[in-house]
Amino acid sequence: MATLLAIVLFVGVSFVLANEPAWNGHIPSNAAVAALFTPYYVPPGAKSYDSDFPHINYKGDWTDKYSTGYIGKSLRTTSQSGGSFSFTFNGTGIEWFGNMDQYHGSVIISIDGMKYKEISGWSNNSRPLKQQRLFWTFELPPGRHTIKAVNSRNSVMDVDALVVTRGSPSTATPSLATRRSNQWALTQKGTTGVHAMQLAIVSSTHALIVDKVEHNPLSIDGHPAWAAVYNLENHSVKPLRMQSNSFCAGGTFLSNGTLINVGGNPVVASHTSAADFGDLDGLQAVRLFHPCDTSDATGCEIYENHHQLRMASPRWYNTVIRLSDGSAMIIGGSKKGGWMNNATVNNPTIEFYPPKNIHGSNGLPVHLPFLEKTLNSNLFPIAFSLPDGRVFMAANRDAIIYDWTTNETQNLPQIPNNVRVTYPMAGTSLLLPLTPENDYIAVILICGGSTLDDNQPSYEISSQDPATDQCFRLTLNEPGIALGWQVEYMPEARIMPDAVLLPTGKIVILNGGSTGISGYGNVLRQVGSSNADNPVLQPVLYDPNVHEGRRFSRDGMPSSSISRLYHSVATLTPKGNIMIAGSNPNLDRSEMKYGTEYRVEWLDPPYMTQERPRIVENIQQIGFEGTFNVKVELPSAGCNDMTAVLMDFGYVTHAVHANSRLVYLRYSSSQPGSLRVEGPPNAKIYPPGPGWLFIVCDDVPSEGLKVMIGDGQGPSIDLDAIENLRKTTVD
Ligand SMILES: *[C@@H]1O[C@H](CO)[C@@H](O)[C@H](O)[C@H]1NC(C)=O
Ligand SMILES: *[C@@H]1O[C@H](CO)[C@@H](O)[C@H](O)[C@H]1NC(C)=O
Ligand SMILES: *[C@@H]1O[C@H](CO)[C@@H](O)[C@H](O)[C@H]1NC(C)=O
Ligand SMILES: *[C@@H]1O[C@H](CO)[C@@H](O)[C@H](O)[C@H]1NC(C)=O
Ligand SMILES: *[C@@H]1O[C@H](CO)[C@@H](O)[C@H](O)[C@H]1NC(C)=O
Ligand SMILES: *[C@@H]1O[C@H](CO)[C@@H](O)[C@H](O)[C@H]1NC(C)=O
């Protein structure tokens, strides 16, 4: 992290001199030099209007101020109570930029004559922060709108510029009344504020969203934020203060509930339009997000200290999973940003957090030849901790089971029909539900990807090359491995899909495109910058338990109008529906097709409107082997078939749903409304750490209850290994 030394910070302005520009290998021709960094940004496809634009209608006493620090060198300001401006525009969004300081105060904003929001221009600075985004909305129907802002008493309000955006229109909200019993509902509600490249549910009320450093509308400390917590109940977003560039990091919870987010990107400097963000090199970063269950997200923070906490080696596009000892295994990645991996930049190792002394590594990376064998398309490897404690991995066309305790590798059959399943030929994968009924036999499902040749240069690949419609299943016992991967077909081909486990044991496959490849700015016939095209807009339900040929169903499934291509995500929520966010095949925020997508959609399975069972006891911790009582309220019609289900919603990015897991728990019931449930038999079946308990009654789940599995203690610490890592590697 040599770039750390090249950073000079002073009063809200920072200059970064980076030596390694590496943003997905793409350098735009109009690259700017390092410039003063503020939230002001006009994404491609948007239009900026300066404060003196004649059609901005000012009322009250306004005066002009001039400075090279202002957009267009001028700013219009008022300190009159009730002073206002209004502006009529044609688009789907509007952003208002101006100064913020101790003299600015609250402003009432109306859109089309209706009160929309009260905002505050106050910040704890005596000298103004310039070019700040004071207000933004991107959720308007396409067409003409009028924004009006009215100043409050005793405060200052100003206009530096207004930016009109023209994103794609919102989806209509289907009416609940017209829903049939098998009808799913898709609604658009909320925007993420920072683009949702990475997504994890962190509490019953909040999701963590992590992006790369770019011109997101949500600000913190006078500059755009690149991480936030999203309130699942009222859709408000709170920016998080992140130091390093988390572009293409991976993440996992540890056994004590702390989430780690590791790896990322170097500082992107002089060669991009996003010149100067004040961020640190994220390639070796370890970022901690401690358990945060407050309903208003107070105390939710990202902690970074690269001097104390870092990985032993640089990793861009690494996968991170939790092991049976509660620690994290960090797998592969590339040593610098790029696109397709290659031998020069490959990092063919694993390491652990906290660092371990294992196979003589003393905290340093352990070589894994599988990550060399699988070049070139092997970034964001697929990995799951198996019920025997070993780790399944798939990359490119190959798969293994790796025993991290012995450093032994068992080769598995190759994925058939030339399909490659990891970045940039990204498919998605799940460990199918584990059940005591078959002694927890692991079955791996992989869907989508591409048959493109990963030795082909990018100028021979097109956004129109078809993705694959194949899914592959492998049962990880002797007969299953001897039988090999079983092939089945989705109704549509998908590159970079997401697969989300429901508490019912069924799976929703969604997002992705039917042609092209992951990434942006690399291939022929890019759409905007997207390497992929032909978004697949209708999710499909996959039932792993019925016979092949009958597993896929689109019955009652709505279609979206929002394209979810590269950098899109989806996760199950504690309520039991699916949160869908992101899509950004762009170097920086863009409004052009395929633009940066901030809108969130919610896919409600039919059970969301049915009478559901309820867990009425607040269990916080579940030990291994032990039993615990759960009080439940069952639907009035009773329950013919009941299951107790423990889930990990996973850490989602780049089609990888790391740690995603569903384990059926044994239970007995001596009296109605009370279950005696057995915890998972051991830490291999459910690695210790946070989970979600659901009671499912005739295919209708309760809401999930957050529980800690195991004793809640952190993984064991090896001080020698930590010390060795610190003295052997630089920060
Ligand atoms: C708004 O802009 C769009 C796209 O340029 C155009 O098609 C439409 O006619 C405009 N609508 C109005 C009301 O001006
Ligand atoms: C404003 O900043 C000063 C100096 O950093 C600090 O002492 C004060 O508590 C802050 N006030 C508020 C309201 O945050
Ligand atoms: C959303 O809920 C949180 C927690 O109750 C609250 O702090 C926040 O102000 C709410 N936001 C909005 C926009 O209602
Ligand atoms: C390997 O990848 C890096 C990063 O994308 C790139 O700069 C380099 O040119 C590639 N090397 C080869 C031999 O393709
Ligand atoms: C682990 O095994 C691989 C071969 O599979 C070998 O290359 C590597 O050196 C081994 N590491 C240690 C520390 O034994
Ligand atoms: C959990 O364990 C990790 C690894 O040792 C540690 O960094 C973190 O601070 C712990 N979290 C809590 C909440 O104690």
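**Figure 1. Surroundings of ligand 3.** Ligand 3 is surrounded by Asn231, Asn234, Ser236, Ser295 and Asp296, a residue being counted as near a molecule or strand if one of its heavy atoms lies within 4 Å of it. An oxygen atom of ligand 3 lies 2.4 Å from a polar side-chain atom of Asn234, and an oxygen atom of ligand 3 lies 3.3 Å from a polar side-chain atom of Asn231. A polar contact is a pair of N or O atoms within 3.5 Å; within protein, one must be able to donate a hydrogen and the other to accept it, and residues adjacent in sequence count only if both atoms are side-chain atoms. The model shown in these views is predicted: local features need pLDDT of at least 70 and side-chain atom pairs count only at pLDDT 80 or more, whereas totals for chains, interfaces and linings use all residues. Residues are numbered from 1 along each chain as its sequence is written, chains are lettered from A and ligands numbered from 1 in the order in which they are written, and side-chain values use heavy atoms, with hydrogens and water left out.

**Figure 2. Surroundings of ligand 5.** Four residues are named around this ligand: His359, His367, Pro369 and Asn407. From a polar side-chain atom of Asn407 to an oxygen atom of ligand 5 the distance is 2.4 Å. For His367, a polar side-chain atom lies 3.3 Å from an oxygen atom of ligand 5.

Figure 3. The residues around ligand 6 are Leu254, Asn256, Thr258, Leu288, His290, Tyr353, Pro354 and Ile717. Asn256 places a polar side-chain atom 2.4 Å from an oxygen atom of ligand 6. An N or O atom in the side chain of Thr258 is 2.8 Å from a nitrogen atom of ligand 6. Tyr353 and Pro354 are joined by a cis peptide bond, with omega about -5 degrees. Pro354 belongs to the loop between strand S28 (349-353) and strand S29 (366-367); helices (H or I, at least four residues) and strands (E, at least two) are DSSP runs, numbered from the N terminus.

Figure 4. The domain assignment, which is automatic or comes from a database, gives domain 1 (46-165), domain 2 (186-609) and domain 3 (614-709). The contact (heavy atoms within 4.5 Å) between domain 2 and domain 3 takes 72 residues from domain 2 and 39 residues from domain 3. The C-alpha centres of these two domains are 25 Å apart. Together, domain 2 and domain 3 bury about 4,200 Å², with 60% of it on carbon and sulfur atoms; buried area is the accessible area (1.4 Å probe) that two parts lose on being put together, summed over both. On the side of domain 2, Arg322, Tyr440 and Pro503 lose the most area to domain 3, together 15% of what that side buries.

**Figure 5. Polar and charged pairs between domain 2 and domain 3.** Across this interface, 22 residue pairs are in polar contact, both residues being at pLDDT 80 or more. Strands that each supply at least two residues of the side of domain 2 touching domain 3 include S16 (198-201), S26 (319-322) and S44 (568-572). That side divides into 41 nonpolar, 24 polar and 7 charged residues. In this division Ala, Val, Leu, Ile, Met, Phe, Trp, Tyr, Cys and Pro count as nonpolar, Asp, Glu, Lys and Arg as charged, and the others, Gly among them, as polar. Between domain 2 and domain 3 there are 4 salt bridges, each a side-chain nitrogen of Lys or Arg within 4 Å of a carboxyl oxygen of Asp or Glu. Lys575 and Glu703 meet through their side chains in a salt bridge (3.8 Å, N to O).

**Figure 6. The salt bridge of Asp293 and Lys706.** The side chains of Asp293 and Lys706 form a salt bridge at 3.0 Å, N to O. Asp293 lies in the loop between strand S24 (286-289) and strand S25 (302-303) and Lys706 in strand S58 (residues 705-709), so the pair ties together parts that are 413 residues apart in sequence.

**Figure 7. Backbone geometry at Tyr594 and Glu625.** The peptide bond from Lys593 to Tyr594 is cis, and its omega is near -15 degrees. Tyr594 sits in the loop between strand S45 (578-582) and strand S46 (599-604). Glu625, a residue other than glycine, has a positive phi near 70 degrees. The loop that holds Glu625 runs between strand S48 (621-622) and strand S49 (627-633). Most residues other than glycine have a negative phi, and most peptide bonds are trans.
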